[in-house]
Amino acid sequence: MSDRTGLVTMLGNPMTLTGTPVLVGKKAPDFALVDNDMAPKTLADYAGKVLIVSAVPSLDTPICDMETRRFNAEASKLGSDVMVLTVSMDLPFAQKRWCAAAGIDQVVTLSDYRDASFGQNWGVLIKELRLLARCVFVVAKDGTVKYMELVPEIASEPNYDAALEAAKALM
């Protein structure tokens, strides 16, 4: 594990990422997350699917809201071989409430609040805030990371089209 400063900023201020960075072409690391009903989830729960994994700071912020709504709309066009996971440090109760209010029915929201295993294992935990950096990963059915975008400014949206094209290429 290493600390990496300045790869991402929040409103122009450099932030420090902790954990082991995920590399394209390597196997996706495991995680121990919690779904909206407090059930534990690991990478193995999504085996055999193409995954779009969207890490966000908090669903209760405007950009994360827009991003998750956009991926929710796109997910319905991708077919049953693709799953979209949105991971944040939000409590599962808050995620469940937000999903119900936003009409999110295609994206699976998962919480890393317990031990930040996703943030550490995927290298996107912001040391100063204990939130996740905005990052999108695409993982093939065999568990290999095929695409990764670490968004340099947390208050900016990711390149949706690039992530969706990477996922479609794996179908």
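## Terms and basis of the model

A residue is called buried when its relative accessible area is under 20%, exposed when that area is over 50%, and partly exposed in between, using a 1.4 Å probe and protein chains only. Helices (H or I, at least four residues) and strands (E, at least two) are DSSP runs, numbered from the N terminus.

The model is predicted: local features need pLDDT of at least 70 and side-chain atom pairs count only at pLDDT 80 or more, while totals for chains, interfaces and linings use all residues. Residues are numbered from 1 along each chain as its sequence is written, and side-chain values use heavy atoms, with hydrogens and water left out.

## Helix α2

Helix α2 spans residues 92–102, and its buried residues are Pro92, Gln95, Trp98, Cys99 and Ala102. They lie on the same side of α2 because they cover an arc of only 125° around the axis, the arc being that of the directions from the helix axis to the C-beta atoms. The face turned away from this buried side carries the exposed residues Phe93, Ala100 and Ala101.

The cover over the buried residues of α2 includes β3 (33–34), α1 (62–75), β6 (82–88) and β7 (107–111); contact here means heavy atoms within 4.5 Å. Just after the helix, glycine 103 adopts a positive phi of about 70°.

## Aromatic pairs

Rings of Phe, Tyr and Trp (its six-membered ring) pair if their centres lie within 6.5 Å; planes under 30 degrees apart count as stacked, over 60 as edge-to-face and the rest as tilted. By this rule there are six aromatic pairs. In one of them, tryptophan 122 and phenylalanine 137 have ring centres 4.8 Å apart and planes at 75°, so the pair is edge-to-face. Tryptophan 122 lies in the loop between α3 (117–121) and β8 (125–126) and phenylalanine 137 in strand β10 (residues 135–139), so the pair ties together parts that are 15 residues apart in sequence.

Both tryptophan 122 and phenylalanine 137 are buried. Together with Phe31 and Phe118, they form one aromatic cluster.

## Arginine 130

Arginine 130 occupies the loop between β8 and β9 (131–132) and is partly exposed, with a relative accessible area of 42%. Not counting residues up to four places away in sequence, arginine 130 touches Met89, Tyr113, Arg114, Asp115, Ala116 and Leu125. The C-alpha atoms of arginine 130 and methionine 89 are separated by 7.9 Å, although these residues are 41 residues apart along the chain.
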